[in-house]
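Here is a protein model to look at with some terms in hand. Each label below is set against its cut-off.

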Amino acid sequence: MSTLVRASFVIGFDGDDHVIHRDACVVYDRDRIVHVGRSYDGPVDEVIDAGEAIVGPGFIDLDALADIDHAILDTWHADSSGLGWSQDYAVNRRRAVFPLEDTLFMREYALTQLIRNGITTAMPIAAETHSAWAESYEELAGVVEIAGRLGLRMYLGPSYRSGVPVLRADGSRGVHWEPELGEKGLDDAIRFVRDVDGAYDGRIRGALLPCRIETVTLDLLRATARAAEELDCLVRLHCMQGLTELRLLREWYGRHPLDVLAEVGLLGPRLLIPHALYLGDPETPFEGSPDRLATLAGIVHCPLTFVRYGDALRDFDRYREAGVNVALGTDSFPPDMIRNMDYGNNLAKLVTGRLEAGSAADYYRAATLGGARALGRDDLGRLAPGAKADLVVVDLSGPRTGPVDDPVRTLMMNCTGADVSTVVIDGRPVMRDRMIAGVDEESMRLRAQTYFETMKAAYSERDHMRRDPALLFPASFRVVEAGS
């Protein structure tokens with residue numbers, strides 16, 4: 001079945017870069033694009049007139065929100081000592097907060113949010129805080145089914161780790177190690193990749209997704225590198241993202257994270273690193289050249305999340321000029337790639353003092369072509385004949401959008417993910433007129449709120465002082481209950 005989508009702006013691809021077609025159309029037949037341009041004379045089965053809108057390639061999110069987000073609870077805390085695991089909890093009392101059924105509901109809720117924001121390809125990230133240790137094979141097998149049903153394109157694998165950050169009884173921070181759990185986690189992740197890679201007409205691909213570098217032993221990192229080579233798959237490892245990480249690796253190994261990655265055999269074209277902010281030592285974390293990162297599949301830049309934690313990439317243009325492939329991730333709620341591009345564009349100006357820094361064009365490239373390059377896919381992140389029919393429609397006709405100048409700058413400055421009206425993945429409309437088929441929005445919203453309240457209450461159980469949630473998470477203002 002062939003479909004023609006017409007709009008006032010179409011972001012096509014000319015073989016080298018994106019181009020803007022005015023008053024143009026995209027035609028796709030089954031899962032492939034067959035035409036991009038001003039006119040099309042061939043027969044089609046369906047015509048969608050998007051009107052005053054941008055039709056562009058689907059966004060690629062390589063650190064994609066896949067749970068009920070914790071950032072609303074911890075991004076404003078001056079003292080976050082009660083938000084992780086205590087040593088006592090890790091050793092004596094840890095448990096999964098939710099049964100598998102509830103965890104899979106949370107995953108489905110998160111995946112529908114990705115679609116609503118125009119994300120067509122995702123590599124997920126979820127907090128292990130509420131699990132008994134890390135993600136399980138069964139949990140990710142459930143995610144495969146959900147993604148397949150919703151139509152998302154995803155790179156999946158259960159997380160695994162050898163240790164967990166803890167707060168000790170004396171108030172110091174450290175890592176509680178149980179290396180055998182990391183080894184079992186890798187075994188399960190390898191089995192998962194072998195079992196699911198290529199499922200749902202190739203929309204599901206396997207990847208190895210160990211946790212943060214400071215929670216994975218060197219032996220497990222080496223084993224991960226060997227497994228990735230054998231499986232011919234990508235590895236994503238969070239590192240270079242915090243001063244505690246830098247200090248621990250300096251204390252344990254006397255080296256920077258990049259030196260550790262080189263030693264274990266991971267520093268190469270299979271590796272994705274979110275967030276890669278800290279290039280130097282703990283004393284001078286932002287000093288140093290990003291050129292060693294140019295050997296990687298890419299870094300995953302998450303501007304909205306990091307500005308919430310008071311940090312930023314220094315700087316976007318410097319990384320790109322060093323040959324680093326920069327992809328984007330949303331990492332927290334909302335998984336709004338448009339807001340992430342806008343925040344990144346503005347933060348680049350702030351950290352450099354240059355108005356031209358972090359251009360809208362370069363951030364749009366990162367959200368599309370950069371992600372595709374990181375995945376080794378020349379059929380994603382672009383609208384061109386032969387590419388996969390993954391596309392999004394962003395409505396420009398709403399009264400809040402304002403006048404339209406350059407459509408890419410208008411997209412970032414005047415729009416949000418709420419303006420995404422239609423999403424097509426592999427030629428299948430997964431959202432039409434902001435509606436996802438088979439999803440009861442109100443029921444899902446109410447259940448998500450209940451899930452969140454349970455998640456929030458569980459922080460008290462892990463807190464080293466067993467403080468009540470009202471003390472851990474005080475309201476912004478005094479709360480006056482109904483009837484008071």
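Predicted model: local features only at pLDDT ≥ 70, side-chain atom pairs only at ≥ 80, totals over all residues.

Residues are numbered from 1 along each chain as its sequence is written, and side-chain values use heavy atoms, with hydrogens and water left out.

Q: Why is the pair aspartate 362 and arginine 365 called a salt bridge?
A: A salt bridge needs a side-chain nitrogen of Lys or Arg within 4 Å of a carboxyl oxygen of Asp or Glu. Here the N to O distance is 2.5 Å. The pair therefore meets the rule.

Q: How many salt bridges does this rule give?
A: The count comes to 43.

Q: Where do aspartate 362 and arginine 365 sit relative to each other?
A: They are three residues apart in helix H12 (residues 360-375), so about one helical turn separates them. Helices here are DSSP runs of H or I with at least four residues; strands are runs of E with at least two; both are numbered from the N terminus.

Q: What makes aspartate 362 buried or exposed?
A: Buried means under 20% relative accessible area, exposed means over 50%, and partly exposed lies in between (1.4 Å probe, protein chains only). Aspartate 362 has 13%, so it counts as buried. Arginine 365 has 24%, so it is partly exposed.

Q: How do you know that aspartate 405 and arginine 409 form a salt bridge?
A: Their closest N and O atoms are 3.8 Å apart. That is within the 4 Å limit, so the pair counts. Aspartate 405 is exposed at 55%, whereas arginine 409 is partly exposed at 43%.

Q: Which network of salt bridges includes Asp390?
A: Asp390 is linked with Asp31, Arg32, Arg153, Arg203, Arg377, Asp379, Lys388 and Asp426.

Q: Why is aspartate 390 called buried?
A: Its relative accessibility is 5%, so it falls under the 20% limit. Aspartate 390 lies in the loop between H12 and strand S18 (391-395).

Q: What makes aspartate 390 and aspartate 426 a polar contact?
A: A polar contact is a pair of N or O atoms within 3.5 Å; within protein, one must be able to donate a hydrogen and the other to accept it, and residues adjacent in sequence count only if both atoms are side-chain atoms. The backbone nitrogen of aspartate 426 lies 2.7 Å from a polar atom of the side chain of aspartate 390.
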